[in-house]
Amino acid sequence: MSETVHPAELPEAELPLSAVLADIADYPEESISVQQLTERFGGRAIGALLFVFGLACMLPLPPGATTIFGFPLVLLAPQLIIGAAVPWLPKGVKHRTISTAQLKASLPRAIRWLRKVEAVSRPRLVFLFGPVGERLIGLVCLALALVLILPIPGGNILPAMAVSALAFALIQRDGLIALIGYGLAITSASVLVLAAHIIVRMFLHAWTVVTAA
């Protein structure tokens, strides 16, 4: 008769992402470094770090915070493009710490949502995660990360959601979630193009009024 294996009994490398994040949220020290996060995610580190920093960019943060959290995304996404198995980050980023008090305040809600998604997620449409598919995800995440580091008021939500969805899909090998991520990326690009068009039109109209006066 087979025995039921509980998450607490699984090796960390096989734990659901929500369980690893719950463990990180309960970290006993006052802060945890990016290097320690990387070690806890193991072989899923690139996808998991993309997910975590994408999630961080979705939070209601003060102006400029998405630039801080978006910068690691700019470093990590190209590593998917080149097919890296282990993430590389400069020492300054690896040694950067995150307050565990902030994690305790923000992670529990995300973990509850993540557990619900994990319950219905499974490997499907796995052809989307071949060598070409992973590089495409890296390319899209890089483009979104470049948007996230720009000081665009309110322009972080959709790109951050797309990065998080694509990163989670990569971890779970769930092509359906990947398609949702691509859809969010396209929507994000459309909104940004529309906003840019409106701003340019407003500027040109203002310029016409000023020069005609």
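In helix 2 (residues 34–41), the buried residues are Val34, Leu37, Thr38, Arg40 and Phe41, where buried means under 20% relative accessible area with a 1.4 Å probe and protein chains only. Because these residues cover an arc of only 165° around the axis, they lie on the same side of helix 2, the arc being that of the directions from the helix axis to the C-beta atoms. Helices (H or I, at least four residues) and strands (E, at least two) are DSSP runs, numbered from the N terminus.

This is a predicted model, in which local features need pLDDT of at least 70 and side-chain atom pairs count only at pLDDT 80 or more, while totals for chains, interfaces and linings use all residues. Residues are numbered from 1 along each chain as its sequence is written, and side-chain values use heavy atoms, with hydrogens and water left out.

The table lists elements that are included in the cover of the buried residues of helix 2.

| Covering element | Residues |
|---|---|
| helix 1 | 17–25 |
| helix 3 | 45–56 |
| helix 5 | 91–94 |
| strand 2 | 97–99 |

Strand 1 is also included in this cover, and Ser33 is found in strand 1 (residues 31–33). Ser33 counts as buried because its relative accessibility is 11%. Leaving aside neighbours within four places in sequence, Ser33 is in contact (heavy atoms within 4.5 Å) with Lys94, His95, Arg96 and Thr97.

Turning to helix 1, Leu17, Val20, Leu21, Asp23 and Ile24 in this helix meet Leu37, Arg40 and Phe41 in helix 2. Helix 2 is followed by Gly42, whose phi is positive, near 60°.

Notes
Buried < 20%, exposed > 50% of the residue type's maximum accessible area, 1.4 Å probe, protein only.
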